[in-house]
Amino acid sequence: MPGVAHALFGPGHSLFLMVATGGSFTARHGFVYTVNNFFGPDIGSVSEFFLKSMWPRLGDFLIHHAHGLWGFPLLFAPFLALFHYWVLRFDLYRNASGSLRFASTGMSPLSLFQCYILVVAGGHSHSFLEILFEDNGITEMYQWILSTGYWERIENVL
């Protein structure tokens, strides 16, 4: 689930990319990346919660595949990319009277493909943080990522 690491890593990484690219990575890129870094594949558990009463098998399918390497990019990222592509058409303006309002710019500043890539990148960085910080890094996936096959033999020898 989203936590402090997600809340700090997403904006920090976005800020780093904005500075490192000299402005090519804009605040809008950072917004899409940060939102998906914060929520990421955990959207699968929300989907399962809402679907468990009507379509429990679909909910189970989504929750089991959302945190996989390919589950989030194939099941959720296309829809989230469409949502971000639509949302980015709007700008927040301050009127002469000082009130805030949303106005449509007519077109999104990012392409649909850019939104998709940012959604997937945010989701994968979310998973990366969960692997590192949940259960103190002692998870089956983390051990699989770092494994060379030697620690089992070393444990038996020592």
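A contact means that heavy atoms lie within 4.5 Å.

**View 1. The protein chain as a whole.** In the protein chain, residues 24 or more positions apart account for 60% of the contacts with a separation of 6 or more. This is a predicted model, in which local features need pLDDT of at least 70 and side-chain atom pairs count only at pLDDT 80 or more, whereas totals for chains, interfaces and linings use all residues. Residues are numbered from 1 along each chain as its sequence is written, and side-chain values use heavy atoms, with hydrogens and water left out. The protein chain holds eight helices and two strands, which are DSSP runs numbered from the N terminus (helices H or I, at least four residues; strands E, at least two), and from that end the elements run α-α-α-α-α-β-β-α-α-α.

**View 2. The loop at methionine 54.** Methionine 54 lies in the loop between helix H3 (43-51) and helix H4 (56-66). This residue counts as exposed because its relative accessibility is 54%, where exposed means over 50% relative accessible area, buried under 20% and partly exposed in between (1.4 Å probe, protein chains only).

**View 3. The aromatic pair of phenylalanine 38 and phenylalanine 39.** Rings of Phe, Tyr and Trp (its six-membered ring) pair if their centres lie within 6.5 Å, and planes under 30 degrees apart count as stacked, over 60 as edge-to-face and the rest as tilted. By this rule there are three aromatic pairs, and one of them, phenylalanine 38 with phenylalanine 39, is edge-to-face, at 5.0 Å centre to centre with 85° between the planes. Phenylalanine 38 counts as partly exposed at 27% relative accessibility, and phenylalanine 39 also counts as partly exposed, at 44%.
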